[in-house]
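Thanks for coming, everyone. Have a look at it first.

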Amino acid sequence: MKNVLKTILYIIGFPALVALVAYNSLIVYEEGGTYGFWPFVGLIIAGVCLIVYTIIFIVTGKNSKKNKGNRKKVMKSVATLVVMSFVLTSGIWLVVDIVLPDILKDATDGTRLFHQLQDDYDAQAEVHGDLLENYIRMNCANGNLPCSDDFTEDDWVEAGYSSPEVQELLTQNFKSMDVNGYKTFTSNGPWLNMANDSRLTIPVLVHLVLNEREVNEEVTYYLSCTMEPKTLVTDKDGDNVYKKPVANEEVETVLHWTILDMQGTSMNIDLTGAVSGLGIDIPGLIESLGLGKYLDGILGTVNEAIADPALAGAELYIGLDLRNDKVQLMLTPAAESRGMHGYQNSAWLNSNNLLFAVISIFPARQWLYIWGAVVIFSSVAVAALRVKQYGGKKEELADIDDDEDEPIDTKGMNNYERTVVSALHARNKMK
């Protein structure tokens, strides 16, 4: 009966804990399933702790049975079980909680913090799962990932990061954004900091777009033909013409990136206040004179000029929003049309496997803390059963301990018994 009870206590301890970790990690597995074993790191850690605990459970049980009647040795065995149940649950995470926040902050440049993942790891798993899905859909839309009736956009999404084509595309194109984008804004000064918050005014924006930056010509970017910037070449007659690639042509080209590509989102500048001071209804004037088509042509020319290597060398689409009696200047970067998120999200996506591994640790951490108390309680209960089953009575003399030099308790023995016990003790010490 005691053995059955000990088995039940074992099952409701660590095995139940690992089952809870697996159940509470389902969203992490669903969102990051195409990243191989990485989303399962937390479960693997919990499983390793279970294996270690099981070995200790079995070994200490055998030692207690082997030393039946020797209360001191039985107590040592059961104490080992109880202490290790704490170390393998709450103890190990007390140490992790000290070192992990700084490691995570340094590894992500402060863009992913410990408390963010701790507070809601499921939501963070969904964020990083969406990064991959949206990346795939953007690149299906622009042709970088070819779709057909046999292999659709949804098939690409289902394959996810397990697809070699997706891995290769992400690696190559992120390197271009990193080397020929992000690092060009950080190598020659604190330019990137000028793009933060409210500091990105129009003069600063012009400065960041037009400043000369060094580009590594060996780092290329993969594009479908329709997304390649126009390339200026000299034809056979010696004239400068813009070459346009033929349909379905695969292109690897050197790209430049603007500061708005690093943000990854459009920027709207409200000019309503400035034009209202002129006392002129700009939207009404443009509509009444039919100037819309001319503005489109002018802005298109500006867009092409910005993309010229002599200026920014990268597309930055400029438009006017005249709806709702407002005048807004709209600046749209080329990142999305090229199939890229902004730099921060692209950097996360480039290391998404590692980030899923970190996220997967938090369900394990949470339940090793919560259910760890149950594991410790069940270990104490098992220890009490083993002491009662194998430890003997407190007043009884334990078996001869050949590792100890403590005097033998011969209280209650007659002279003959004292002589025999003393002789056995002396003989064991000589072995």
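Okay, let's start with helix α1, residues 2-11, where the buried residues are Lys6, Leu9 and Tyr10. Seen down the axis of α1, these buried residues fall within an arc of 100°, so they line one face of the helix. The arc, by the way, is taken from the directions running from the helix axis to the C-beta atoms. And buried here means under 20% relative accessible area, with exposed being over 50% and partly exposed in between, using a 1.4 Å probe and protein chains only.

Before I go on, some housekeeping: this is a predicted model, so local features need pLDDT of at least 70 and side-chain atom pairs count only at pLDDT 80 or more, while totals for chains, interfaces and linings use all residues. Residues are numbered from 1 along each chain as its sequence is written, and side-chain values use heavy atoms, with hydrogens and water left out.

The protein chain has 18 helices and seven strands. Of its 431 residues, 39% are buried.

So what covers the buried residues of α1? The cover includes α2 (14-23), α4 (41-66) and α17 (372-390).

Now α2 itself. Its buried residues are Phe14, Leu17, Val18 and Val21. They span an arc of only 95° around the axis, which puts them on the same side of α2. Among the elements covering them are α1, α3 (26-32), α4 and α16 (352-370).

You'll have noticed α4 turning up, so let's look at how it packs. Two packed helices are described by the angle between their axes and the distance between the axes. Axes here are lines fitted to C-alpha atoms, for helices over the stretch in contact, and angles run from 0 to 180 degrees between N-to-C directions.

Take α4 with α17: their axes come within 10 Å and cross at roughly 15°. That makes α4 roughly parallel to α17 (angles under 35 degrees count as roughly parallel, over 145 as roughly antiparallel, 65 to 115 as roughly perpendicular, the rest as oblique). On the α4 side, the residues that meet α17 include Tyr53, Phe57 and Thr60, and their partners in α17 include Val375, Ser379 and Val382. Contact means heavy atoms within 4.5 Å.

What about α4 and helix α5, residues 71-107? Those two pack at an angle of about 170°, with their axes 8 Å apart. α4 and α5 are therefore roughly antiparallel to each other. Among the residues meeting here are Ile45, Cys49 and Val52 from α4, and Val74, Leu81 and Trp93 from α5.

Let me zoom in on one residue of α4, leucine 50. Is leucine 50 buried or exposed? It's buried, with a relative accessible area of 18%. Leaving aside neighbours within four places in sequence, leucine 50 is in contact with Tyr10, Phe14, Pro15 and Val18. Remember that Tyr10 is one of the buried residues of α1, and that Phe14 and Val18 are buried in α2.

Last stop: asparagine 173, in helix α9 (residues 164-186). Asparagine 173 is buried too, with a relative accessible area of 0%. Beyond its neighbours within four places in sequence, asparagine 173 is in contact with Tyr135, Asn144, Tyr221, Tyr222 and Met340.

Terms used
Helices (H or I, at least four residues) and strands (E, at least two) are DSSP runs, numbered from the N terminus.
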